[in-house]
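Visitor: Could you show me how to read a few features of a protein model? I would like the general idea and then the case at hand.

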Amino acid sequence: MSIVQDSGSEVARYDYTEDDFVLHTAPWADGQPSQLSPFDKELHKRWDAAMAAGAFRYGIDHILTRIIPGSKGYVGQLNTLRATERRKPQEISSVSQPFNPKAFNFTWIKPGEVIFDLHNTTDGPLKNGDASAAGEAGHVSDGAVTNGHAQTTEAAQVSANGVEHSAEGKKSAVHRLVINVSPMEYGHCLLVPDVFGERPQVLTLTALKVAIETLLLCKHRGARLGFNSLCALSSVNHQHFHMYYFTYEQIVDHYPVDHLAGDYYEFTSLPCPGFVMQLHGTTVEGLARSAHKISSYLHENDIAHNLFMCRGVAFGEKRDSTLTTIRLFIWPRKKFIGRFV
């Protein structure tokens, strides 16, 4: 890995290769503190610096966490400041609501709120007018894009099912990690794939691949990523994932699942039954495509949905197994129309 900072840019770039992926993390059952990868350490350093600089709307010391008694060990949190200090959510009326460039979106983020851009150098150097060529693998270069809108001559289009169609002359996408100024947990960030592509909050195949790769860069077993579709409590209609670090084991990290067919499983013993897949036995591309098939169906049928990714034991393994992998959950939910508080 490496951090690259190009002259004339205010944004760092984190370059990595597949060699930087952490395929297995230690199980929660070992009782030891979570380990950190170079990616984790760099993200934490920059997140802490943003907190010290006053970039957040509030700190996280007030958050109360409790383990709820019961066999499933649910974790409950009380974060009153997120309810009172966060940005006013947007009015959402449809799962397929188009992107509105005049409404708040993540191209408006201040430089002090950016962690860095992400670039997989395995895919080759940046091309077609990107701010700089890739540096050595796994490195953050301080400085990237000064005017991100210059990265595309024409925004890529996304069809109703989230399939991307690149417009002629489109420059390479910029995948950006920014702080969430109203944090739920330590390290709470927003991963914004193709930040300047003006994409609505719809899962694309590329976005899923970027999210899976980002989680693979983490060695901390409590790293989590989540996605809320429109009408599923997403507050900004601009494609993004939530990412944060959790210090408690959760039921999704180990709970048994039932096989449906092929790569697809289901979880039925939780309050939100739905589909679950794993990286074990497949590839990043394979997992992303399997998840995209489900999210596309839900989107095409105007069904609100949520996605959650975590580290956990491989399906069929015991809770203390060292065979760990990425677990990916998708579940449909009742639509929420309007602006939630």
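Guide: Let us start with contact, which means heavy atoms within 4.5 Å. Not counting residues up to four places away in sequence, P273 touches F267, T268, W331 and P332. This is a predicted model, where local features need pLDDT of at least 70, side-chain atom pairs count only at pLDDT 80 or more, and totals for chains, interfaces and linings use all residues. Residues are numbered from 1 along each chain as its sequence is written, and side-chain values use heavy atoms, with hydrogens and water left out.

Visitor: Where is P273 found?

Guide: Helices (H or I, at least four residues) and strands (E, at least two) are DSSP runs, numbered from the N terminus. P273 lies in the loop between β14 (264-267) and β15 (274-278). The protein has 4 helices and 17 strands.

Visitor: How many residues of α3 are buried?

Guide: In α3, 10 of the 12 residues are buried, so this helix is largely enclosed by the rest of the structure. Among them are L205, L208, V210, I212 and E213.

Visitor: What is the largest nonpolar core?

Guide: In soluble globular proteins, nonpolar side chains tend to be buried together. A nonpolar core is a set of buried Ala, Val, Leu, Ile, Met, Phe, Trp, Tyr and Cys residues joined through side-chain atoms within 4.5 Å. Here the largest one has 48 residues, and those with the most contacts inside it include F39, F116, F241 and L307. Its largest share, 8 residues, comes from α3. A second, separate core of 14 residues includes F246, V252, V257 and C310.

Visitor: Which residues does L307 contact?

Guide: Leaving aside neighbours within four places in sequence, the contacts of L307 include L208, F241, F329 and W331.

Visitor: What is the phi of C231?

Guide: Most residues other than glycine have a negative phi. C231 has a positive phi of about 70° although it is not a glycine. It sits in the loop between β11 (223-228) and β12 (241-245), and C231 counts as buried because its relative accessibility is 2%. D302 also has a positive phi, about 55°, and is partly exposed at 31% relative accessibility.

Conventions. Buried < 20%, exposed > 50% of the residue type's maximum accessible area, 1.4 Å probe, protein only.
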